[in-house]
Amino acid sequence: MSAAKKAKTEVLDIALPLDPEGVSVVLGAQWGDEGKGKLVDILAEGADIVARCAGGNNAGHTLVVGGVKYDFHVVPSGIITKQATSIIGNGVVIHLEQFFAEIEHNIECDVKGGASNMAGWESRLLVSDRAHVVLDLHQSIDGLLEKEKGKSKIGTTNRGIGPVYSAKMARIGFRVCELYDEPEIFEAKFKTNVANYQKRHPDLEVDVPAQLAKMTALAARLKPMVIDTIPYIHEAFGTKKILVEGANAAMLDIDFGTYPYVTSSSCTIGGVCTGLGLPPRKVKHVYGVCKAYSTRVGGGGFPTELLDELGAKMQKIGHEYGVTTGRPRRCGWLDLVVMKYSCQINGYSSLMLTKLDCLDTFEELKVGVKYIYKGKELPGCPANARWLDDIEVVYETLPGWNTDITGIRDHNDLPANAKAYIKYIENQIGVKIQWVGVGPDREASLRIF
């Protein structure tokens with residue numbers, strides 16, 4: 001059997017059948033970068049529609065399929081699944097130039113790897129006419145705002161996500177549908193926006209004629225993909241299998257994350273409904289994805305962070321660098337206070353535990369189980385993110401397995417201590433782990449039940 005054929009067979013063995021009577025959702029359970037794209041890719045094998053509901057190209061999902069590595073940011077990871085239609089929903093914000101650059105980059109990945117997974121992408125990708133457009137000026141403002149904050153900066157990706165969501169809420173943003181209004185209407189609104197932004201940011205420079213010309217050309221390229229996705233999705237209920245791909249993660253949610261060190265969208269379960277126009281009763285399965293340890297990019301509290309050689313070891317073994325920015329990720333022990341909180345908010349049906357193999361060489365493993373603040377145990381994650389810098393974490397210590405598990409393809413073959421680690425996590429958070437990742441490739445995933 002060829003390697004490609006073998007990989008496909010193994011994926012089918014670990015995938016779950018999706019139900020046309022209800023929507024299945026994949027969400028990040030920590031601070032992002034958990035490997036959500038991998039689970040989306042596995043489940044997309046049985047999907048008719050794969051939809052992205054929130055965020056922009058500040059997100060980054062890496063897939064490794066047949067040895068070919070793909071990097072997705074705003075395009076749903078399901079785009080390489082040829083029988084599925086991918087949808088960029090109304091809750092997503094899209095920078096058109098970088099959207100097309102992302103497509104072209106992944107086509108190049110195909111060519112270099114001798115694959116054809118991106119072939120015909122334009123016939124299976126749809127964009128909501130209600131999605132908001134990220135303009136170059138939003139990205140410039142993002143950088144200016146971070147500069148103003150100095151040492152208190154958020155650590156954004158400088159992709160304009162905060163400014164465009166701010167514009168959306170202030171009702172001065174641009175929806176995709178407005179790209180196809182009368183040119184003079186779009187131009188007048190654009191010029192008004194520029195003038196108002198320049199009053200607030202005198203250093204903001206915008207070449208208005210050049211920007212308008214660029215937007216006109218990009219809008220023409222996008223137009224064949226633009227539809228009203230609300231009736232499209234609703235007409236699919238009962239006959240099509242729908243998979244929703246979340247972006248970012250629970251601890252970066254604008255309401256429930258470590259505010260203000262968060263993203264600007266709702267990346268928990270509520271954002272799935274508002275970002276696609278889904279009735280809550282249609283959401284049937286919610287799959288969370290978490291790493292076997294913790295990572296975080298950018299500023300903000302991180303109670304279980306390791307600032308010693310163990311943290312450096314995790315970073316090196318896990319290749320912990322952001323897909324979107326290339327920034328090194330901060331690393332630390334698994335935080336079960338965060339996981340319990342994430343489970344409460346999202347109501348996960350089950351979890352995928354990724355990168356278990358990255359702990360293969362650790363003699364012992366610590367797991368954060370309680371937060372103590374000023375001598376008192378907190379009931380969960382505090383609303384005041386400043387507390388996170390002064391929290392004392394109570395740890396439990398478990399033995400490592402000191403065995404290379406990257407070649408294992410049956411969960412029953414995992415070392416006893418690895419199984420015990422999985423079981424301990426399940427018992428602490430009250431949610432079953434359904435899949436375990438033991439390597440970066442698509443097929444390096446074990447389904448437990």
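The side chains of Arg-130 and Asp-228 are joined by a salt bridge with an N to O distance of 2.8 Å, a salt bridge being a side-chain nitrogen of Lys or Arg within 4 Å of a carboxyl oxygen of Asp or Glu. This pair links distant parts of the chain, since Arg-130 lies in the loop between β7 (125-128) and β8 (132-133) and Asp-228 in the loop between β9 (226-227) and α8 (229-236), 98 residues apart; helices (H or I, at least four residues) and strands (E, at least two) are DSSP runs, numbered from the N terminus. The model is predicted, so local features need pLDDT of at least 70 and side-chain atom pairs count only at pLDDT 80 or more, whereas totals for chains, interfaces and linings use all residues. Residues are numbered from 1 along each chain as its sequence is written, and side-chain values use heavy atoms, with hydrogens and water left out.

Arg-130 counts as partly exposed because its relative accessibility is 32%, and Asp-228, with a relative accessible area of 31%, is also partly exposed; the class lies between buried (under 20% relative accessible area) and exposed (over 50%), computed with a 1.4 Å probe on protein chains only. A salt bridge is also formed by Asp-136 and Lys-214, whose closest N and O atoms are 2.5 Å apart. Asp-136 belongs to helix α4 (residues 136-149) and Lys-214 to helix α7 (residues 208-222), so this pair ties together parts that are 78 residues apart in sequence. Lys-214 is partly exposed at 24% relative accessibility. In the pair of Lys-36 and Glu-34, the closest N and O atoms of the salt bridge are 3.1 Å apart, and both Lys-36 and Glu-34 are buried. The structure holds 18 salt bridges.

Helix α4 also packs with helix α6 (residues 183-200), at an angle of about 10° and with the axes 12 Å apart, where axes are lines fitted to C-alpha atoms, for helices over the stretch in contact, and angles run from 0 to 180 degrees between N-to-C directions. The two helices are therefore roughly parallel, a term for angles under 35 degrees. The contact (heavy atoms within 4.5 Å) involves Leu-137, His-138, Ile-141, Leu-145 and Glu-148 of α4, together with Phe-190, Val-194, Tyr-197 and Arg-200 of α6. By class, six of these contact residues are nonpolar, one is polar and two are charged, with Ala, Val, Leu, Ile, Met, Phe, Trp, Tyr, Cys and Pro counted as nonpolar, Asp, Glu, Lys and Arg as charged, and the others, Gly among them, as polar.

An open sheet of mixed pairing is formed by 10 strands in the order β9-β7-β5-β2-β10-β1-β11-β15-β19-β20, two strands being paired if DSSP finds at least two bridges between them. β9 and β20 (445-447) stand at the edges with a single partner strand each, so one side of each is left without a neighbour in the sheet. Strand β5 (residues 85-88) pairs with β7 in the parallel sense over three bridges, and Ile-88 has Val-127 of β7 as its bridge partner. Strand β11 is largely enclosed by the rest of the structure, because seven of its nine residues are buried. β1 and β11 run parallel and are joined by six bridges, with Gly-28 opposite Val-289 of β11. β11 and β15 likewise run parallel, joined by five bridges, and the bridge partner of Gly-288 in β15 is Leu-351.

Key:
Angles under 35 degrees count as roughly parallel, over 145 as roughly antiparallel, 65 to 115 as roughly perpendicular and the rest as oblique.
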